[in-house]
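Please keep the sequence and the structure in view while reading.

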Amino acid sequence: MITEIPFLDVKEKPDPIELVELKVAKVEKAFEHPNSDKLMVLSVSLGKEIRQIVAGIRNYYSPKELIGKNIIIIANLKPAIIRGYKSNGMLLAAVAKDKMGLLTIFKASPGDPVEINGLTYKGSYELSINEFKKISIVSEGEKILYKGKILKVKGEKVKADRNVKGKVS
């Protein structure tokens, strides 16, 4: 009896960064969370969509400083209710000791994807916060890096709006 051995369909495991949908978002509105000393509630535009994001940046930014900024967000993070407000995404910031710098871009449009040496988000995957915490993105001030590769949008480097060297979260 002859038995055929089936060929295995071996797919290459994606780089973890390909599971993270990083996009440019323009801050349209911002206000201090009424029930927290650390949280800020932002309304951001992704071009064709407006989202609300709750972020722990109140000790570092005022609402006035945020409005009009093009920031980088994780667009496919599982939604969460944070102190009574729905958060549909997460902004990214470089953090070191008592400093914070938001990841920003100037010439891009809301909704533009972030590229990392040809790697971009693949598919429709809802990311958990714990999955994102395993991915190491760092700020070297003028450069934001993942595995030594620079984050860019349409060829422009993503930067921290303040000179902060540290982990991006």
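A charge sits over a ring if NZ of Lys or CZ of Arg is within 6 Å of the ring centre and within 35 degrees of the ring normal. Arg-162 meets this description, lying over the face of Tyr-61 at 3.9 Å from the ring centre. The model is predicted, so local features need pLDDT of at least 70 and side-chain atom pairs count only at pLDDT 80 or more, while totals for chains, interfaces and linings use all residues. Residues are numbered from 1 along each chain as its sequence is written, and side-chain values use heavy atoms, with hydrogens and water left out.

**Strands 2 and 3**

- Strands are DSSP runs (E, at least two residues), numbered from the N terminus.
- Strand 2 (residues 40–45) and strand 3 (residues 50–55) run antiparallel and are joined by six bridges; two strands pair if DSSP finds at least two bridges between them.
- Val-41 has Val-54 in strand 3 as its bridge partner.
- The two strands form a hairpin with four residues between them, and Gly-47 in the turn has a positive phi of about 90 degrees.

**Ser-45**

- Ser-45 belongs to strand 2 and is buried, with a relative accessible area of 8%.
- Buried means under 20% relative accessible area, exposed over 50%, and partly exposed in between (1.4 Å probe, protein chains only).
- A polar atom of the Ser-45 side chain lies 3.1 Å from the backbone nitrogen of Gly-47.
- Beyond its neighbours within four places in sequence, Ser-45 is in contact (heavy atoms within 4.5 Å) with residues including Val-24, Ile-50 and Pro-110.

**Asp-112**

- Asp-112 lies in the loop between strand 9 (99–104) and strand 10 (115–116).
- Asp-112 is buried, with a relative accessible area of 10%.
- The side chains of Asp-112 and Lys-154 make a polar contact at 3.3 Å.
- A polar contact is a pair of N or O atoms within 3.5 Å; within protein, one must be able to donate a hydrogen and the other to accept it, and residues adjacent in sequence count only if both atoms are side-chain atoms.
- The backbone nitrogen of Ser-109 lies 2.8 Å from a polar atom of the Asp-112 side chain.

**Arg-83**

- Arg-83 is placed in the loop between strand 5 (80–82) and strand 6 (85–87).
- Arg-83 is exposed, with a relative accessible area of 53%.
- Ser-36 is 47 residues from Arg-83 in sequence, yet the two are 7.9 Å apart in space, C-alpha to C-alpha.
- Not counting residues up to four places away in sequence, Arg-83 touches His-33, Asn-35, Ser-36 and Leu-39.
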